[in-house]
Amino acid sequence: MDLLHQAVVDGHISRRRWIEIACATPARMFGLYPQKGTLAPGADADVVVYDPHATQTLSAETHHMNVDYSAYEGRTVTGQVETVLSRGEVVIDQRKYVGRAGHGVFTPAPPVNT
């Protein structure tokens, strides 16, 4: 999300295109749209509150992934997630993970026709 937002800051894509690339396009690619990837009645989308003006330095020490490295270690970007709501529960609050194990729900994708 943050690396894509840097493309908005740098003028390579519009804010609307950033949202499309980060949300609806992946849901469409995996056959999950409109259940995922959009804020609409009946959809199951996470809500991200994003501060487009915050600056941050990407680091394995600060990301919310269960790995001890970052391919972008030390890169400074503009924009940062503030809050994330998943199925009505806050899972990131003031940039800190506050979710709980087992909260997520697996959503199977339909078979791919090749």
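Reader: Which residues does Q80 touch, not counting residues up to four places away in sequence?
Author: This is a predicted model, in which local features need pLDDT of at least 70, side-chain atom pairs count only at pLDDT 80 or more, and totals for chains, interfaces and linings use all residues. Residues are numbered from 1 along each chain as its sequence is written, and side-chain values use heavy atoms, with hydrogens and water left out. A contact means heavy atoms within 4.5 Å. By that rule, and leaving out residues up to four places away in sequence, the partners of Q80 are D2, V49, Y50, D51, A54, T55, Q56 and R95.

Reader: Does Q80 count as buried or exposed?
Author: A residue is buried under 20% relative accessible area, exposed over 50%, and partly exposed in between, with a 1.4 Å probe and protein chains only. The relative accessibility of Q80 is 15%, so Q80 counts as buried.

Reader: In which strand does Q80 lie?
Author: Helices (H or I, at least four residues) and strands (E, at least two) are DSSP runs, numbered from the N terminus. The chain has two helices and four strands, in the order α-α-β-β-β-β from the N terminus on. Q80 belongs to strand β2.

Reader: What is the order of the strands in the sheet?
Author: Two strands pair if DSSP finds at least two bridges between them. The four strands form an open sheet with antiparallel pairing, and their order is β1-β2-β3-β4.

Reader: Which are the edge strands?
Author: An edge strand pairs on one side only. Strand β3 (residues 89–93) is joined to β4 by two bridges, and the two run antiparallel; D93 stands opposite K96 in β4. The edge strands are β1 and β4 (96–97).

Reader: Against which elements do the buried residues of α1 pack?
Author: Helix α1 covers residues 2–9, and its buried residues are D2, H5, Q6, A7 and V8. Just after α1, G11 takes a positive phi of about 85°. The buried residues of α1 pack against α2 (15–29), β1 (47–57) and β2 (76–86).

Reader: What percentage of the residues in the chain is buried?
Author: The C-alpha trace spans about 40 × 35 × 30 Å along its principal axes. Of the contacts with a separation of 6 or more, 47% are between residues 24 or more positions apart. Of the 114 residues in the chain, the buried share is 25%.
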